[in-house]
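Biologist: Before we turn to details, could you put the model on screen so that we can go through a few residues together?

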Amino acid sequence: MANTVPACYEVSIVNPNQFWQTDRVLKTELPVLAFQIAFTVVISRVFFAIFKPLHQTRLISQIAVGLLLTPPLLGRYTKVFEFIFPVTGVLNVELLAHIGLIYYAFLSGLEMNLNSILHVKKKAAYIAIAGIVFPVVIAPGLYALFRKFYGTHGTLPLEDSTNNAYIIWTVILTVTGFPVVAHTLAELKLLYTGLGKAALTTAMISDTYGWILFTLLLPFSINGKGAVYTVLSTIAFIIICIFVVRPIIQWYFDRKVDKDEWDDNELLFIMMGVLASSCITDFLGAHSIVGAFVYGLILPHGKFADYVMSISDDFVGGFLTPLFFSGTGMRLMLTSIFAQPSWPLTLLIVLLLCALKIVSTLCATVFFGMRIRDGLTLGLLLNTKGAMALIMLNIAWDRAIFYVPTYAVLASAVILMTIVVSPVINGVYKPRKRFEQNKLKTIQKLRVDAELRMIACVHNARQAASIINIIESFNATRISPVHVSALCLVEFTGRAVSVVAAANREKHSSQTGGQNLTRSQEETESIGNTFEALGEAYDAIRIQTLNVVSAFTTIHEDIYNAAEEKRASLVLLPFHKHLSSEGTLEVTNVVYKDINQNVMQRASCSVGIFVDRDFGAVPKRNLHILMLFVGGPDDREALAIAWRMAGNPGTKLSVVRILLLDEAAEVDTSIHTEAQGILSAVVDTEKQRELDDEYLSTFRLTAVNNKDSISYSEIDVHNGDDILAVLNELEKVGCDLYIVGQGNCRNSHVFSNFLEWCDCLELGVIGDILASNNFGSRSSVLVVQQYGYGGMNLGNNHKATDNFESLVVKTG
């Protein structure tokens, strides 16, 4: 390649009579290689931690390691660079990096589901094809302009042969990085949305088209006219793999997985098949990663794929591929772009390269009737470049198809496309802030004839059955139907792309080999079937099941956005404990508790947490509900829910108002001091009492006086001991379901003292007592928090949001 200098070095040969004629590997080469791996991995993870607030992928952090070693930075110090990457160690790094690249391609194929690709909807396929049209038509012209702008005043030479450069230049601009898109959607909390599902499906199809173009066109840029035989033989290899090898492997795997007969030797043969497939395509004249990708694509998806990825993805993605992608950064000489007078025009070419796929996708989405903002967002997502684009760039570099300036311009465009997607979408789309601008959404404010829209969140099939039991109690009628959006919460890890793709399938049964589903897929399929059965059993209940794949630390944001998009009035959450065989509540997963608390703090509608004590065993035609009313917005919302449930035939509702008197009515003045004025409206006891009396009067006049199955009573409470005594007496009477308010806005000194002993703050004082194993209740509990009063605070003080005062006006 022009303007490069060949590096020569001496190799000492030890024992020349032996077969392997080389130096002492353990003494000279292995320490250097180990240091290079450690340096690359550690620095890339440091960069990843730095870039994480900007929602950047690991790919960018790995490229940044190479940029750090370029001449403008550490590369200017020759001794430092040679210490990290000595000439004698380059071949070892390149070898290990390409092995990592082969297995990376294999895992990429393993993540993509061939059945989903073959049965994709036409709309997604058309948008993916449209996203290729503009780059294919206009990219060659931009390459010609670049040569004209740069060639006139450039200080570094351009490639002499342009035909091959035209091909790779164009193909790179058509590529979409499907794994990167999935990661971006997860970070931006868009996976569950209609836009996210469309983007994920289209990205998978676009990535497939990129592999097809890579397989068909790249050989021509390397072998010229003789590539015809390479392409034909490669196509024959792929057809044989899909239609001959795949059914045989599928039969073998189904038998092994079904009997759980896997052992390490069989897995070794599977992994060696990656290298064998790579060798075949390399022998045919195509790139070795084509064989690895096809091999991963034809292997069965499910338990086997999940197992292979769990044991290999961290090693391949965490240790081997950083060596390859950091090399991309080392080759990126940004000075070659700015070291010539016409650099503004060259920079304009870079920006135009970034705009091609966006404009092409935007035109297609407008044709299909999508909003311009959604079309722009989809175009940005599909413009994300991943490993495939960088692989082709490095092939062009290694084959001397691109010289330094061309490589720098195109690599800059590819990296820029990937970097700007998350910040731009976060700024334009703002998925986290949309719900803050909405009006109050509570069940108390719903009209009698209005549709009740709720979000039901579950983690497993047992919770799904539990939540369905409480949904059945909401008295869905044709006049007032119930629309349930069931969210199956799946933890997002680095290997969850296949689970995300499964979320876009209408039916999990489309997979071949149903018995080969992973545990996560079996769980989501069971949950979907459970909710679908509910929709079929009740004409007035409409069900939509969605898989929300996200990190558990931020999955509450996905729930916020789902509630906003579905215009929900209630979010139902399962308690983080389940009923054991001994009749006590035991922890299912402590992380679920954190999720519930996070949801209650900033939810975009009312929230209910359901503590299930075998509620499904209670006959719905003979249901007794006990609603405890202390006062405040949460209790009014709880009463609204209980009132709605009381419409079910055979349901008996008892409302007990607990009147706080004397010591129990004392106001906790410390709240006034620490709230710094924010709670001036919240702690207005008289105002809240007026709202309580008004709502209870309406309830007694409308419900109690007109229906024998609804009763109302009042109990005086003078101190904290009286509260416990009242709860014990009510428990003796018995009920099937307690409905209580979380009590977020109560400012009673007695309840503030009880908070110090609460194990589950998200349930409030009364809810925590009723759910405690020490209380000994056998009844289920529904704890309700009304939207619009600041959300739950995890400390002893209950704070409101900054926009509380305007919300209080709407409530009053």
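Predicted model: local features only at pLDDT ≥ 70, side-chain atom pairs only at ≥ 80, totals over all residues.

Biologist: Is Glu-663 buried, partly exposed or exposed?

Modeller: The class follows from the relative accessible area, where buried means under 20%, exposed means over 50%, and partly exposed lies in between. Because the relative accessibility of Glu-663 is 44%, this residue counts as partly exposed.

Biologist: Which residues does Leu-446 touch, not counting residues up to four places away in sequence?

Modeller: Leu-446 lies in the loop between helix H18 (404–428) and strand E1 (452–458), and with 27% relative accessibility it counts as partly exposed. Leaving out residues up to four places away in sequence, the residues that Leu-446 touches are Glu-451, Leu-452 and Ser-569.

Biologist: How far apart in space are Leu-446 and Ala-640, C-alpha to C-alpha?

Modeller: In sequence, Leu-446 and Ala-640 are 194 residues apart. In space, the separation of Leu-446 and Ala-640 from C-alpha to C-alpha is 9.3 Å.

Biologist: Why does Asn-383 have the burial class that it has?

Modeller: Asn-383 sits in the loop between helix H16 (372–382) and helix H17 (387–398), and, neighbours within four places in sequence aside, it is in contact with Cys-354, Lys-357, Ile-358 and Met-417. Since buried means under 20% relative accessible area, Asn-383 is buried because its value is 3%.

Biologist: How many residues apart are Glu-94 and Arg-331?

Modeller: The structure holds 10 salt bridges, and in one of them Glu-94 pairs with Arg-331, with the closest N and O atoms 3.4 Å apart. This pair links distant parts of the chain, with Glu-94 in helix H4 (residues 90–111) and Arg-331 in helix H13 (residues 303–331), and the separation is 237 residues.

Biologist: What is the N to O distance in the salt bridge of Arg-636 and Asp-692?

Modeller: Both partners are buried, since the relative accessible area is 1% for Arg-636 and 5% for Asp-692. The side chains of Arg-636 and Asp-692 meet in a salt bridge whose N to O distance is 2.6 Å.

Biologist: Which helices does the pair of Arg-636 and Asp-692 link?

Modeller: Arg-636 and Asp-692 are 56 residues apart, and their pairing links distant parts of the chain. The helices are H24 (residues 633–645) for Arg-636 and, for Asp-692, H26 (residues 685–702).

How values were computed
Residues numbered from 1 in each chain as written. Heavy atoms only, no water. Buried < 20%, exposed > 50% of the residue type's maximum accessible area, 1.4 Å probe, protein only. Helix = DSSP H or I, 4+ residues; strand = E, 2+ residues; numbered from the N terminus. Contact = heavy atoms within 4.5 Å. Salt bridge = Lys/Arg side-chain N within 4 Å of Asp/Glu carboxyl O.
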